[in-house]
Amino acid sequence: MNKNSLSVTTPTIEPCHRINQIDNDPAKLRLREEVGTRGGTMTLQEAVENSTDGSTALLRQFDKQLIDEMNKIEANCLVSFADLNVNMGGGVHPFLQLSAKEALAGAIADRAQQLFVNSAYRTIAQQLFLYNYAQSGKSELPAARPGQSNHQSGLAIDIEDAEGWESDLEAHGWRWLGNSDPVHFDFVGDGIRDIGATAVLAFQRLWNRHNPNEKIDEDGDFGPVTEEKLSKSPIEGF
């Protein structure tokens, strides 16, 4: 498995504070889930073509499968931080690498306030959806290709009141991205690892398990074949 195949070392700057407002509206989330239940099987690419607002909420069941498979490949690859003193929008996947979660817990304990999180982990399915949606011309918001967004690292969060939280987060190894994306922090402390290839391998394993006559290489490389199969995958999951 190529450990550098989906590196996040040179991320594309995304306007997280605008992208994630789409995903965190609870009413829209419920509507997307209802539509998905009524509408039968739809592929990721068909969802892009039919979407009118760029919400990735329809992918939640698929996202859960991808995250679960990652943790089967590598135990505690991603851990939930939902047990911390946090408040989250409906579209948030509350997952980080273990070291990042521990650092986040320390910052929250120091400030002794609830942290409102707008976004955390983003699966390769979500990222491909956002990228293809932007490329379709439906949105003026730039979105990174899979592997080029910090939100796929398990080391990134978007929050409210970034200015108020900055000193406590930075004391525990989190770094504010800056004015280019004022809601965004990345964990840069000890104990981090590149999980990009694991994310790709998780999808490749899921695809092969459910498509035995159309198998692809399980190499952790997000190449054209893997991208094609991900685009053809059902948004409700396998």
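This is a predicted model: local features need pLDDT of at least 70, side-chain atom pairs count only at pLDDT 80 or more; totals for chains, interfaces and linings use all residues.
User: Which order do the five strands of the open sheet have?

Analyst: Strands of a sheet pair through backbone hydrogen bonds, either parallel or antiparallel. DSSP has to find at least two bridges between two strands before they pair. Here the order is S2-S4-S5-S7-S6, with mixed pairing. S2 (86-88) and S6 (174-176) sit at the edges with a single partner strand each, so one side of each has no neighbour in the sheet. On average, neighbouring strands are turned by 40° against each other, ignoring direction.

User: How many bridges join S2 to S4?

Analyst: Three, and the two strands run parallel; Val 86, for one, has Leu 115 in S4 as its bridge partner. S4 and S5 are antiparallel, over two bridges. S6 and S7 (residues 184-187) are antiparallel too, over three bridges, and Trp 174 is partnered there by Phe 187 of S7.

User: At what angle do H4 and H8 pack?

Analyst: H4 (residues 60-73) and H8 (residues 196-210) come out at about 110°, with axes 8 Å apart. They are therefore roughly perpendicular to each other, a label covering 65 to 115 degrees, with under 35 roughly parallel, over 145 roughly antiparallel and the rest oblique. The contact (heavy atoms within 4.5 Å) includes Phe 62 and Met 70 of H4 and Phe 203 and Leu 206 of H8.

User: How many residues has the largest nonpolar core?

Analyst: A core is a set of buried Ala, Val, Leu, Ile, Met, Phe, Trp, Tyr and Cys residues joined through side-chain atoms within 4.5 Å. Buried means under 20% relative accessible area, exposed over 50%, partly exposed in between (1.4 Å probe, protein chains only). The largest core has 28 residues, and Met 70, Leu 78 and Phe 203 are among those with the most contacts inside it. H8 gives the largest share, six residues. A second, separate core of 22 residues includes Leu 115 and Trp 174.

Technical notes: Residues are numbered from 1 along each chain as its sequence is written. Side-chain values use heavy atoms; hydrogens and water are left out. Helices (H or I, at least four residues) and strands (E, at least two) are DSSP runs, numbered from the N terminus. Axes are lines fitted to C-alpha atoms, for helices over the stretch in contact, and angles run from 0 to 180 degrees between N-to-C directions.
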